[in-house]
Amino acid sequence: MEFLQQLVNGVSLGSIYALIALGYTMVYGIVKLINFAHGDVFMVGAFIGFYSITILDLGFFPSLLISMAVCAILGVLIERIAYKPLRNATRIAALITAIGVSLLIEYGVIYVRGAQPEAYPSDLIPATSLDFLGVKVSSQSLLILGTSVVLMILLQFIVHKTKIGKAMRAVSYDMDAARLMGINVNNTISATFAIGSALAGAAGVAFGMYYTKIEPLMGIIPGLKAFVAAVLGGIGIIPGAMVGGLLLGVIESLVSAAGFSLWRDGVAFVVLILILIFRPAGLFGKNVREKV
Amino acid sequence: MRKKKLAGIFMSFMMAAGVLAGCGGSSTTSGEKDGETVKIGANLELSGGVASYGQSIQEGLKLAIEEINKEGIDGKKLELVTFDNKSDAAEATNGAIKLISQDKVSAIVGAATSTNTLAQVEIAQKNKTPLITPTGTNSTITSKDGVLNDFVFRTCFIDPFQGTVAANFASTDLKVKNAAIIIDSSSDYSKGLAASFQESFEGNGGKVVAEEAYVAKDTDFNAILTNIKAKNPEFIFLPGFYEEVGLIIKQARALGIDVPIMGGDGWDSPTLVDIAGADPLNNTFITNHYSSGDSDPKVQDFVKAFEGKYDGKSPDAFAALGYDTAYYIADAVKRAGSGDPEKIKKALEETDGLGLVSGNMKLDKNHDPIKAAVILEYKGGKQEFNTKVNP
């Protein structure tokens, strides 16, 4: 029974990672950029949701939509200002810029509102615990898991069935060839960032609802964990991010259950290292040899 | 760099001057202190970063000295000499030197924080003048590595003491036999409280059935809480700070853990109630220095007097401990029969069972007070006075 409860704990922790990892992996899949600012967009999303609930007095779903919209705009701005000028620079330059943007957002938010934590109002969504044979499942974690699954399916649909999705795949395959075929590469990349950041915003609001406490540096660790989850599943592969996130959550919970709670974060990064050594393309990835 | 060097030279001159002046002072001027007034220095944070602490202490001190001087101490009156250390350790050192060598005080009260108190310890020791901090809780203030700073005292209890009080409350008031401990392994405060809780709780015949740890800034505690739930403890000791504590309590209650949970003064913040929610906080307790809701007539008289003097302002723990410090000194002056610093030091040491607002006062061998702590219970998101526990 205890083991089952730990599995449930792991899945609810992992569904947050999965939710953040979806946006991460999508941006990487299309633009081949590790967007380290993704975790901070997630944080901004949590705060936007918080302020729309407390100051604008809105309900959960309107706040979620506002947060997603603002984060989409923020994502596009970040891309246009920080990444676009470096599109033809080396990969390392883009990576360093991403770290810079991440720090800028974190400390910008601290500058504007201070570093003290804020507590999400808890009465928006009833937090009941459902009891299955002695295993407690909170209704909020079911909601988060459900949201992740729905968003994953939606993303798969967008990427594989819509026109913009087709453009994204083309840009991902060969940017110059796509341009020659009349695809507006800049708009396509902007759309990618808008969708990815909107997902981060949604994850931020869900996180706030579930864990109550939000603060300006809250994006760092979940952002890193989501990165591990994305690599675990195969970075760039949307269902991979989902599975990687859930798997990472379960691994962490089982490590804590075994009495090594202080090693939890360490184990997450050990998983990253092992994956990079033994299966660099991730669980869902195919090893593609690069043509020379 | 150069500025630092200059400051260093200046400081060493000041220290030397202070020591010299002190040596001269204790031999020649002690006779004069037997007169009508006994000067008490107050070296407090009246401006700067933690000014609210110093100001509260000063308000408590002033109120107490006013009351004491109505009757006098066997014909003697106390005179308060205040120095603003600007919440700065170097200023606090200067202040101690000035109060001892120029103002020739019989004792110094201050500072509010441990750091600013530690900056005065050496000067108090060398000049043989008692230094009493109302609120500095760091254990190294009074003794370090087994060496006692015999002229240094405090009115508050030290951090690990709260663990002992919590253990006694669990054993005698809640009558629990086994407990779980959850430690913030990144905080010395938390580890200190947990160690002293475990020692006392096991001394009382209790058993610690589970011990789990987390680090500050963690957000998901379901895994460790599930482990704890499996061990079925009757009580959880959770000595942490309010950010994580709030989340732990919320998640524990969601997992169906409804046993009493207890912590220390690290919980004491309104944000705790926002994070955990009012309902999950029911059946949780904290130890603290003082509560204005204490039904003890001594506390209620103090609260009334304080509100009367300061336009209805409710006294916090700093004001109460400042007030107590003045009475602690007055009692020592009475038994010493003079304003001589060394006689006052001896009397301070021998204080036994002096009844103060924040509990009865007696010192252990490290000059740390053994006195009652207040237990507060959360009811409907509000702190309510529950009981006072003697160690």
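Which residue in β16(B) is the bridge partner of B:V374? In this predicted model, the bridge partner of B:V374 in β16(B) is B:K388.

## The seven-stranded sheet of chain B

The pair B:V374 and B:K388 belongs to the contact between strand β15(B), residues 373-379, and β16(B), where seven bridges join the two strands in an antiparallel arrangement. Both strands are part of an open sheet of seven strands in chain B, ordered β9-β8-β10-β11-β12-β15-β16, and the pairing within this sheet is mixed. Its edges are formed by β9(B), residues 207-214, and β16(B), residues 382-389, each of which pairs on one side only.

Further inside the order, strand β11(B), residues 261-263, runs parallel to β12(B) and is joined to β12(B) by three bridges. In this pairing B:M262 has B:F285 of β12(B) as its bridge partner. Strand β12(B) spans residues 284-288, and five of its five residues are buried, so the strand is largely enclosed by the rest of the structure. Burial applies to both faces of β12(B): B:T284, B:I286 and B:N288 lie on one side, while B:F285 and B:T287 lie on the other.

Helix α7(B), residues 222-230, lies across β8(B), residues 178-184, together with β9(B) and β10(B), residues 236-237. The direction of α7(B) is at about 175° to β9(B).

Another open sheet of chain B has five strands in the order β2-β1-β3-β4-β7, with parallel pairing. Here the edge strands are β2(B), residues 77-84, and β7(B), residues 152-154, and each pairs on one side only. On average, neighbouring strands of this sheet are turned by 25° against each other, with direction ignored.

Within this sheet, β1(B), residues 37-44, and β3(B), residues 107-109, run parallel and share three bridges; B:G41 stands opposite B:I108 in β3(B). Helix α2(B) lies across β1, β2 and β3 of chain B and runs at about 165° to β2(B). Helix α2(B) covers residues 51-71 and contains B:N69. Is B:N69 buried or exposed? With a relative accessibility of 18%, B:N69 counts as buried, because the limit for a buried residue is under 20%. Apart from neighbours within four places in sequence, B:N69 is in contact with B:K77 and B:L78.

Chain B also has a hairpin, in which two residues connect β13(B) to β14(B). Strand β13(B), residues 352-356, and strand β14(B), residues 359-362, are antiparallel and pair over four bridges, with B:G355 opposite B:N360.

| Helix pair | Axis distance | Angle |
|---|---|---|
| α2(A) (residues 38-54) and α4(A) (residues 91-113) | within 9 Å | roughly 30° |
| α1(A) (residues 2-31) and α8(A) | 9 Å | about 170° |

Residues A:D40, A:M43, A:V44, A:F47 and A:Y51 of α2(A) meet A:S102, A:I105, A:E106, A:V109 and A:R113 of α4(A). This contact is made up of six nonpolar, one polar and three charged residues.

In the second pair, the angle of about 170° makes α1(A) roughly antiparallel to α8(A). The α1(A) side of the contact includes A:L13, A:I16, A:L22 and A:V27, and the α8(A) side includes A:F193, A:L199, A:F207 and A:Y210. By class, the contact residues are 18 nonpolar, four polar and no charged.

In soluble globular proteins, nonpolar side chains tend to be buried together. The largest nonpolar core of this model has 79 residues, of which A:L22, A:Y83, A:I105 and A:Y120 touch the most other members. Helix α8(A), residues 185-211, supplies the largest share of this core, with 16 residues. A second, separate core of 43 residues includes B:A64, B:I68, B:Y310 and B:L348.

Methods:
Residues are numbered from 1 along each chain as its sequence is written. Chains are lettered from A and ligands numbered from 1 in the order in which they are written. This is a predicted model: local features need pLDDT of at least 70, side-chain atom pairs count only at pLDDT 80 or more; totals for chains, interfaces and linings use all residues. Side-chain values use heavy atoms; hydrogens and water are left out. Two strands pair if DSSP finds at least two bridges between them. Contact means heavy atoms within 4.5 Å. Axes are lines fitted to C-alpha atoms, for helices over the stretch in contact, and angles run from 0 to 180 degrees between N-to-C directions. A nonpolar core is a set of buried Ala, Val, Leu, Ile, Met, Phe, Trp, Tyr and Cys residues joined through side-chain atoms within 4.5 Å. Buried means under 20% relative accessible area, exposed over 50%, partly exposed in between (1.4 Å probe, protein chains only). Ala, Val, Leu, Ile, Met, Phe, Trp, Tyr, Cys and Pro count as nonpolar, Asp, Glu, Lys and Arg as charged, and the others, Gly among them, as polar. Angles under 35 degrees count as roughly parallel, over 145 as roughly antiparallel, 65 to 115 as roughly perpendicular and the rest as oblique.
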